[in-house]
Every structure is written in C-alpha cells, then in structure tokens.
Amino acid sequence: QVQLVESGGGSVQAGGSLRLSCAASGSIFTINTMSWYRQAPGEQRELVATIDRRDNTHYGDAVIGRFTITRDIDKNTAYLHMISLKPEDTAVYYCNAKHDVLTQYNYWGQGTQVSVSS
C-alpha cells in the first residue's frame, strides 16, 4: 500500500499562487507516475497534471502555462506549483500515484481544498 498526504491548499485571491505537496510513503516501489486531479462542486474529477518515470509532464488545457508539476525523488514528494490562479481553479485537489504498467497499483490522497476569490 501507498499512503499519500496532500498539503498546501488554502484560500487566495485571483492572480495569487499556491504550492501543493503530495508526500508518498509505504510501498513506493509500486508507483512511478504521479498526478494531480481536481474536482469542483457538481463537476467531474479532471486531470490537472502528470509527471511520469522519465519526468515527462502533461497538463490539462485549462492550466497550461500557469501550473507546473515537479517531484523530489529523494523525498517521495510531488508538487504542484500554481500561479495566476483564477476563480475557476477553485476545487478539491487530489494527488494520485500509480504504476504505468501494473494498473493494480493506483492510489489517491484525501484531497486538499483550493479556493480562489475574485
């Protein structure tokens, strides 16, 4: 099992920035891809950003140019750096960790709230 603990959420004004952290512990060897998803009230969960085993990154269209996903292998932690935040970025942000081939290894964090006011 892998445990994911997110932190760094909060309330900011439009144009502000936040950094989310996702610390992984447990059977780290079962994961090689980490992602951030978000879910706004009444909406489906959507992919925000992904970083794979080769540090290739992929972003949802809504956040390209504003969000950056990074990770620290030594700390088993992934980060989501968010700038130029907009009210439509308001959502619960979830960390996901998985193995890109062994699909049985797929874990979720508990989520952290990000609220952006206009």
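This is a predicted model: local features need pLDDT of at least 70, side-chain atom pairs count only at pLDDT 80 or more; totals for chains, interfaces and linings use all residues.
Me: How many salt bridges does the structure hold?
Reply: Side chains of opposite charge can pair when their charged atoms come close. A salt bridge here is a side-chain nitrogen of Lys or Arg within 4 Å of a carboxyl oxygen of Asp or Glu. By this rule the count of salt bridges is five.

Me: How many residues apart in sequence are the parts tied together by Arg-38 and Asp-89?
Reply: The side chains of Arg-38 and Asp-89 meet in a salt bridge of 2.9 Å, N to O. Strands (E, at least two residues) and helices (H or I, at least four) are DSSP runs, numbered from the N terminus. Arg-38 lies in strand S4 (residues 33–39) and Asp-89 in the loop between strand S8 (77–82) and strand S9 (91–98), so the parts tied together are 51 residues apart.

Me: Where do Arg-53 and Asp-100 lie?
Reply: Arg-53 and Asp-100 form a salt bridge, with the closest N and O atoms 2.7 Å apart. Arg-53 is partly exposed at a relative accessible area of 41%, and Asp-100 is partly exposed at 36%. Arg-53 lies in the loop between strand S5 (46–51) and strand S6 (57–59), and Asp-100 in the loop between S9 and strand S10 (106–108).

Me: Over which rings does the charged end of Arg-45 sit?
Reply: A charge sits over a ring if NZ of Lys or CZ of Arg is within 6 Å of the ring centre and within 35 degrees of the ring normal. For Arg-45, one ring centre is 3.8 Å away, that of Tyr-94. Another ring centre is 4.7 Å away, that of Trp-108.

Me: Is the disulfide of Cys-22 and Cys-95 left-handed or right-handed?
Reply: A disulfide is a covalent bond between the sulfur atoms of two cysteines, and the cut-off used is a pair of sulfur atoms within 2.5 Å. Cys-22 and Cys-95 are joined with an S to S distance of 2.0 Å, Cys-22 being in strand S3 (residues 18–26) and Cys-95 in strand S9, 73 residues apart. The torsion about their S-S bond is about -80°, so the disulfide is left-handed.

Me: Why is strand S8 largely enclosed by the rest of the structure, and which residue of S8 stands opposite Leu-18?
Reply: S8 is largely enclosed because five of its six residues are buried. Strands pair if DSSP finds at least two bridges between them; S3 and S8 pair in the antiparallel sense over six bridges, and six bridges also join S8 to strand S7 (residues 67–72), again antiparallel. The residue of S8 opposite Leu-18 is Met-82.

Me: Which residues is Thr-57 in contact with, leaving aside its neighbours within four places in sequence?
Reply: Thr-57 is found in strand S6 and is partly exposed, with a relative accessible area of 38%. Contact means heavy atoms within 4.5 Å. By that rule Thr-57 is in contact with Thr-50, Ile-51 and Ile-69.

Me: What is the phi of Asp-55?
Reply: Asp-55 is placed in the loop between S5 and S6 and is partly exposed, with a relative accessible area of 47%. Although Asp-55 is not a glycine, its phi is positive, at about 70°.

Conventions: Residues are numbered from 1 along each chain as its sequence is written. Side-chain values use heavy atoms; hydrogens and water are left out. Buried means under 20% relative accessible area, exposed over 50%, partly exposed in between (1.4 Å probe, protein chains only).
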